[in-house]
Structures are given as C-alpha cells and as structure tokens.
Amino acid sequence: LTLLSFLLAAKSPSSRTQNSWLLGFYAGSALAVLTKGIIGAVIPGTIILLWTILWKRWSELKLAFKPWGILLFFLIAAPWHILVSLKNPEFPYFYFIYEHFTRFTTIEHGRFQPWWFFIPILLVGLFPWIYFLPQAVNHAWKRLPGDIVQFLGLWVGFVFIFFSISHSKLIPYILPIFPPLSLLLGVYIGKFWRENKNALGFVWGVQA
C-alpha cells in the first residue's frame, strides 16, 4: 500500500489526486510500522530514495516529506510506541535494538539460513504463474513506461537482497516482493489474453 500509493502519487496529473494517494502513502507507512516495526518505513523509504537518486527524480522525492504527511505518520504510529514505552521502560531497547538490529546482523534469534533461502520460496510462491514471469519482465521492459519499470524493479530487487543478506530469515519476510511481481504478471497476462493468445511465450506459459 505504501509503495504503490507513492508511485501513483508521483504519476498523478493533479494535486488533488496526488494528495489522495499521498494520504495512502503516509498512512500505509505508519500502519506498516505498527505492524512490523521500523522496517515498515525503512524498506519503502529506501526504495523511494534509491529511485529518486538513481534516476534524478528530485521532485518526486519531495512528496515523501510533506509536513502534513509526516504529522499524519506520527499521529498514527507514535501513540502506541510512547504508551508502551512509558508502561515498560525496557521496551525501547528490546524493540529498536534487539528486535531490529540484532535480528538482522546476528544469528542470536536462531533463524539463520543460507543466502539462497528465498529463491525456492519465490519460485514456489509464484507457482503456477512463475511460467509467465520471464515473458512478463521482458514485456514490461519493452512496453511499459520506464519510470514504472524502474520503480517496480527496485522494489523487487531491494526487498530480495535486503532479506537475503539478513542473518535472520523466515518465509514470510519475502512477502513484500510478490505485489510488484503480480502487477507485472497481471499486465502481461491480461494484455495477451485479450489481444494475442497465439504469442509463442504466452502459449508456452499456458501449456506449462
């Protein structure tokens, strides 16, 4: 929700529509933090930052720093953190250090897996649509707007690399990679289902 809302805000033709999507961006990020900790803001924030830096989209970067949006983010995300910290003085260290940095950088949590752990999970998780993925990526690269492909590609690549280098790995960690891949697959399958069911790659995927 956070990343898709930001992308749609960046592509919006009017300020009113843009602000509507930014509402989803800031609220989604705050809800992600409440759900999964600061990683809920770190992952989308890093992807957006890389996208704007690598392709010099400085005007879009400003969308992530709207004063009203930052206020909305803290209004949603901060109260619970403040209240639980006041009730449990040991919580800030446990939450911010142990449950985030220690989990990522050490094997203390007993969830160590090899770097390739998420590859079979990705293949199985996309089954049976995995047969269409090479064609879908090729189609997106040639036919979709470049900035959208760049954004979705960074989304997939960063999430996969980030959790692959983590010392703590669980199957659900890779879930954020599926929405952008599903978008690419949906565009490809929908287009060829409507327009060209006899295309070689599409027929191969259906038969597989």
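**Reading the fold**

Guide: The protein has eleven helices and zero strands. Please keep in mind that this is a predicted model. Read along the sequence, the pattern is α-α-α-α-α-α-α-α-α-α-α.

Visitor: What percentage of the 208 residues is buried?

Guide: Buried residues account for 41% of the 208 residues in the protein. As for contacts between residues at least 6 apart in sequence, 75% of them join residues at least 24 apart.

Visitor: Which residues of helix α1 are buried?

Guide: The buried residues of α1 are T2, L3, S5, F6, L7, A9 and A10. Seven of the nine residues of α1 are thus buried, so this helix is largely enclosed by the rest of the structure. The elements that cover its buried residues include α2, α3, α4 and α9.

Visitor: Let us turn to aromatic residues. How is a pair of aromatic rings described?

Guide: A pair of aromatic rings is described by the distance of the centres and the angle of the planes. In this structure, a search of the whole model finds 16 aromatic pairs. In one of them, the ring centres of F6 and W51 are 6.4 Å apart and the planes stand at 85°, so the pair is edge-to-face. The angle decides the class here, because planes over 60 degrees apart count as edge-to-face.

Visitor: Where in the chain do F6 and W51 lie?

Guide: F6 belongs to helix α1 (residues 2–10) and W51 to helix α3 (residues 39–54), so the pair ties together parts that are 45 residues apart in sequence. Both F6 and W51 are buried.

Visitor: How do the rings of F163 and Y173 lie to one another?

Guide: Their centres are 5.5 Å apart and their planes are at 40°, so the pair of F163 and Y173 is tilted. F163 is in helix α9 (residues 146–165), whereas Y173 is in the loop between α9 and α10 (178–195); the two are ten residues apart, and the pair links distant parts of the chain. F163 and Y173 are both buried.

Visitor: Which aromatic residues form one cluster?

Guide: One aromatic cluster is formed by F6, F25, Y26, W51, W68, F151 and W155. The edge-to-face pair of F6 and W51 was described above.

Visitor: How are two packed helices described?

Guide: Two packed helices are described by the angle between their axes and the distance between the axes. The axes of α9 and α10 come within 8 Å and cross at roughly 140°. That angle makes α9 oblique to α10, and the crossing in which α9 passes α10 is left-handed.

Visitor: Which residues of α9 and α10 meet?

Guide: From α9, L152, W155 and V156 meet P179, P180, L181, L183 and L184 of α10. The residues of this contact divide into eight nonpolar, no polar and no charged. W155 also belongs to the aromatic cluster.

Visitor: Finally, the backbone. Which peptide bond is cis?

Guide: The peptide bond from F127 to P128 is cis, with omega near 5°. P128 is placed in the loop between α7 (118–125) and α8 (133–143).

Visitor: What is phi of K56, and where is this residue?

Guide: Phi of K56 is near 50°, a positive value in a residue other than glycine. K56 is found in the loop between α3 and α4 (58–61). Its relative accessibility is 62%, so K56 counts as exposed.

Definitions and conventions
Residues are numbered from 1 along each chain as its sequence is written. This is a predicted model: local features need pLDDT of at least 70, side-chain atom pairs count only at pLDDT 80 or more; totals for chains, interfaces and linings use all residues. Side-chain values use heavy atoms; hydrogens and water are left out. Rings of Phe, Tyr and Trp (its six-membered ring) pair if their centres lie within 6.5 Å; planes under 30 degrees apart count as stacked, over 60 as edge-to-face and the rest as tilted. Helices (H or I, at least four residues) and strands (E, at least two) are DSSP runs, numbered from the N terminus. Buried means under 20% relative accessible area, exposed over 50%, partly exposed in between (1.4 Å probe, protein chains only). Axes are lines fitted to C-alpha atoms, for helices over the stretch in contact, and angles run from 0 to 180 degrees between N-to-C directions. Angles under 35 degrees count as roughly parallel, over 145 as roughly antiparallel, 65 to 115 as roughly perpendicular and the rest as oblique. A crossing is left-handed if the near helix is turned anticlockwise from the far one by less than a right angle, and right-handed if clockwise. Contact means heavy atoms within 4.5 Å. Ala, Val, Leu, Ile, Met, Phe, Trp, Tyr, Cys and Pro count as nonpolar, Asp, Glu, Lys and Arg as charged, and the others, Gly among them, as polar.
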